[in-house]
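Here is a short briefing to read alongside the structure. Have the 3D view open and follow the topics in order.

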Amino acid sequence: MKRVGIAYLIQESNTFSPLATSLDDFGITLGAEAVERWQGTRTEIGGFIDALVQPEIETVPLFAGWAITKGRILRSEFERMKKIARTTARTAGPLDGLLVALHGATCAEGVDDATGALLACLREALGPQLPLILTLDLHANLTRRICALADAVIGYRTYPHIDMHETGTAAARMLLGILGSEPKPRTVFRKLPMVVPAENMQTAQGPMAEVWRRGEETRPAAVQSFSVFGVQAWLDIEEMGCAVAAVTVGAEAEAREFCETVARRFEELRHAFDVGLLAPETAIREALATDGAPVVISESSDSPTAGSPGDSAEMLAALAEYAPDANAVLWLRDEKAVEQARVAGVGAHIRVQLGGLHDKVNRRRIEVEAGVLRLSDGRFTIRGSQYTGLETTMGPAAVLQVGKVTVLVSSESANNIDPELYRSQGIEPRDYKIVIVKSATAFRAEYGPFAAKMLVVDTPGVSSANLRSMPYRCVPLDYLP
Ligand SMILES: [Zn+2]
């Protein structure tokens with residue numbers, strides 16, 4: 001019997017975000033509870049669990065947790081997290097291998113590379129020889145430390161990330177091969193002195209698809225797997241930049257040369273990642289001039305999955321100004337407004353302030369007349385192709401009607417990429433001319449099949465695609481588009 005440990009801890013940091021991350025944000029489960037919580041989900045750990053159902057293999061769950069993007073993890077909370085990693089690894093009993101899924105762009109206070117720090121805790125407890133396969137998000141910031149501590153590093157192949165489960169499965173297969181006496185691989189990589197916005201990083205078409213194609217065309221047989229890391233751009237940290245990585249057994253020079261080839265293509269295409277952002281007025285006018293519905297307008301500078309509070313009411317103000325007769329729907333976070341709606345009750349009319357509750361630099365508060373249509377606890381289950389089956393919450397929520405605009409207000413930041421955000425609250429996006437979402441790209445996988453058009457607007461915010469507008473201090477300016 002071989003015993004395989006599994007661990008899963010995912011958060012993408014945004015170091016510009018005004019929201020600090022605590023341990024509670026991860027909803028960490030330990031041991032058997034971790035399997036109960038994550039089994040059957042289309043995530044990396046879901047893939048680990050499924051692929052390890054094999055004769056002669058025992059799955060040993062250590063810990064699992066997921067947190068929405070925010071600012072750095074608080075220093076004391078990160079110490080507790082490291083302790084969980086060390087303790088669960090130490091008390092797991094003898095292991096033959098370890099599968100770890102981390103995001104790769106996670107930062108704590110005083111720790112730019114939290115991924116490397118967590119791996120170091122696991123290694124400290126389990127020793128340097130234990131076969132360890134690591135999966136990372138395509139937006140990971142790959143570091144020397146990560147590649148030194150993991151035997152193999154495997155990133156997602158897709159953006160929007162519809163292959164989390166497959167990535168977990170690939171890692172598990174690689175580990176099972178090693179346990180069946182195949183040699184342990186190593187990971188080599190090449191960093192690129194650049195960061196690019198996420199909006200044009202889709203892997204189905206566009207420049208990122210080109211970069212992957214170059215990799216697939218030139219991959220030598222000695223490279224078992226390779227990954228292209230587009231890196232999350234809103235990290236003002238050391239050792240920052242995109243990367244290409246390759247996993248190989250014994251052909252490191254060849255694998256390095258391969259990384260170089262793919263990296264060169266990535267660099268050649270860097271300006272193809274520039275984003276055509278529209279002013280809110282322009283986007284709304286284009287939506288109104290479009291046949292069919294809905295037109296989905298993304299305010300990516302306020303994307304909760306990219307670390308923004310989600311408290312922008314800018315598009316509500318813009319809709320009132322440029323499209324007062326169009327029916328539209330938008331979501332924003334405003335716990336004060338939810339509380340006011342809750343006290344007033346369904347059917348009440350209230351004067352309420354919306355927006356700018358957390359990001360006081362980029363946002364303003366606006367006052368509107370609103371009817372309270374509905375109140376709920378905000379729990380919902382993701383049904384689209386990413387994080388499928390994950391039960392999540394937007395916190396207590398209220399549906400308000402502001403003129404022709406239906407406004408879903410929630411008390412917490414929420415996954416904004418899945419229409420279930422709206423549907424769970426009785427709102428069908430197909431019934432609207434304009435649907436506002438707050439997501440860089442991931443929304444395209446879910447809204448694309450029924451949207452008449454998808455546009456991205458330029459408003460200031462901590463996840464703006466306009467990277468030159470961000471206050472970078474560590475990242476050299478010539479890394480930026
Ligand atoms: Zn990502």
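Predicted model: local features only at pLDDT ≥ 70, side-chain atom pairs only at ≥ 80, totals over all residues.

**The chain overall**
- The chain holds 13 helices and 19 strands.
- A compact globule of 481 residues would have a radius of gyration near 23 Å, and the 22 Å of the chain agrees with that.
- The C-alpha trace spans about 70 × 45 × 40 Å along its principal axes.
- Of the 481 residues, 58% count as buried.
- Among contacts between residues at least 6 apart in sequence, 77% join residues at least 24 apart.

- Six strands make up an open sheet with mixed pairing, in the order 2-3-1-4-5-6.
- Strand 2 (29–30) and strand 6 (152–155) are at the edges with a single partner strand each, so one side of each has no neighbour in the sheet.
- Strand 1 (residues 2–10) pairs with strand 4 (residues 97–102) in the parallel sense, over six bridges.
- Ile 6 stands opposite Leu 99 in strand 4.

**Helices on the sheet**
- Helix 4 (residues 114–126) packs on the sheet, where it touches strand 1 and strand 4, and its direction makes about 165° with that of strand 4.
- Helix 6 (residues 164–179) lies across strand 1, strand 4, strand 5 (132–136) and strand 6, and runs at about 160° to strand 4.

Key. Residues numbered from 1 in each chain as written. Helix = DSSP H or I, 4+ residues; strand = E, 2+ residues; numbered from the N terminus. Rg over C-alpha atoms; globule rule 2.2 N^0.38 Å. Buried ≥ 20, exposed ≤ 12 C-beta atoms within 10 Å, placed from the backbone. Contact = placed C-beta atoms within 7 Å. Pairing = 2+ DSSP bridges. Axes fitted to C-alpha atoms, helices over the stretch in contact; angles between N-to-C directions.
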